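Here are my notes on this one, as numbered points. Have the model open while you read, and tell me where you disagree.

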Amino acid sequence: MVYGLNIRPTQGYYVEYEVLDGDMERVRLLDETPDQGGKPQAIGGGRAIDPTHVPRRVRWKDRKKQLMADFNGGPMISLSARAKGLIEQYEPGVHQFFSVTFYDIDGDFLEDRWFLNVCNRLDTIDREHVQGFVMKRYPSRVEAWIPIQDVVRRKKFDLLPPGYDTTQPSRLVFNRAQIGGAHLWVDRHLSGGIWVSDELDAAFDAAGLTGRKAERRWQETV
C-alpha cells in the first residue's frame, strides 16, 4: 500500500507564521532540467534545492503556544528531530533536511526543527490498472495524469480512449517495481503530493509521530 503525507494541525486549527530570514520566492532547484513530467517546481518537485535562500528562522504565531507536532507546517514541511531521524533511517542520504529555529508569537525560542525536501522524483503510477485518470500528453512531450472529472468538466473528450467509462470511480494504483526501494517520493506525473511507502508509514505509526493526517491507502501492483 501507498500513503499520502499530509499535515494535520494537532491543535485543531492552522497557525500563521512569519519568515524571519531567507526568501522562499528565490529558492531554486540545483537541477532545473525538465523531464517527462515537465520542469519540477522548486518546492515539492522531488529534486534537491539550493539552500541559499531557505529560511532558517520562523516565528510561529500560535497564541496558545502549544507544542509543535512531529510533522508541522510553515514555508515547508517542518519535522521534529525524531521524525527526521526515522526518515534518515529508511533512506539515509537521500533527502534534504534544513535546520530551522522556530520562535513563538512573542519572539522567544520555541524549538529547533528541520525543513524537509523530498529528493525522489519518480514515475510510480501503474498505467494498466489506474482508474479515473488519463495521461495527457502535451506538444512539449510533457505527460501528466488528469482526473476524469476535469476532463468531463472541461469537455476535453478527445483525451479519452474510445468507449471510456467516465462514471468509473477514481483510483490511483501504484506499481511496486516502479517505486523500487523508495520510501518517500514525489510522482513526476501527478500534480502535488508526497507519497509514503507502507513500511515507512507503519514506522511513523509505531513511533507515535504526530501531525500526520489520516490518509486512505492506495493500492500497489508488483
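1. Let me start with one pair. Leu79 stands opposite Trp114 in S7. The strands involved are S5 (residues 78-79) and S7 (residues 109-117), which run antiparallel and are joined by two bridges. On terms: helices (H or I, at least four residues) and strands (E, at least two) are DSSP runs, numbered from the N terminus, and two strands pair if DSSP finds at least two bridges between them.

2. Some ground rules before going on. This is a predicted model, with local features needing pLDDT of at least 70 and side-chain atom pairs counting only at pLDDT 80 or more, while totals for chains, interfaces and linings use all residues. Residues are numbered from 1 along each chain as its sequence is written, and side-chain values use heavy atoms, with hydrogens and water left out.

3. Now the sheet around that pair. S5 and S7 belong to an open sheet of six strands with mixed pairing, in the order S2-S3-S6-S7-S5-S4. Its edge strands are S2 (17-19) and S4, each of which pairs on one side only. Strands of a sheet pair through backbone hydrogen bonds, either parallel or antiparallel.

4. How many bridges join S6 to S7? There are eight, and the two strands run antiparallel. Within this pairing, Tyr103 has Phe109 in S7 as its bridge partner. The hairpin of S6 and S7 has five residues between the strands, and Gly107 takes a positive phi near 90° there. S6 (residues 96-103) also pairs with S3, here in parallel and over three bridges; Val58 has Phe102 in S6 as its bridge partner.

5. The other open sheet worth a look has four strands, in the order S1-S13-S12-S8, again with mixed pairing. S1 (2-4) and S8 (121-122) are at the edges with a single partner strand each, so one side of each has no neighbour in the sheet. S1 pairs with S13 (residues 195-197) over three antiparallel bridges, and the bridge partner of Gly4 in S13 is Trp195.

6. Next, S9 and S10. Five bridges join S9 (residues 133-137) to S10, and the strands run antiparallel. Met135 stands opposite Trp145 in S10. Is S10 (residues 143-147) mostly covered or mostly open? Mostly covered: four of its five residues are buried. Buried means under 20% relative accessible area, exposed over 50%, and partly exposed in between (1.4 Å probe, protein chains only).

7. Two phi values deserve a check. Most residues other than glycine have a negative phi. Arg141, in the loop between S9 and S10, has a positive phi near 75°. The hairpin there has five residues between the strands, and Arg141 is exposed, with a relative accessible area of 73%. Lys65 has a positive phi near 55° and sits in the loop between S3 (57-60) and S4 (71-72). Lys65 is partly exposed, at 40% relative accessible area.

8. Which residues does Gly208 touch, leaving aside its neighbours within four places in sequence? They are Asp70 and Arg82, where contact means heavy atoms within 4.5 Å. Gly208 lies in the loop between H4 (198-207) and S14 (219-221), and counts as partly exposed at 39% relative accessibility.

9. Finally, the chain as a whole. It has four helices and 14 strands, and buried residues make up 45% of its 222 residues. The C-alpha trace spans about 60 × 35 × 35 Å along its principal axes. Of the contacts with a separation of 6 or more, 67% are between residues 24 or more positions apart.

10. On surface, the accessible area of the chain is about 11,800 Å², with 48% belonging to carbon and sulfur atoms; such areas come from the Shrake-Rupley method with a 1.4 Å probe, and for residues only the protein chains shown count as cover.
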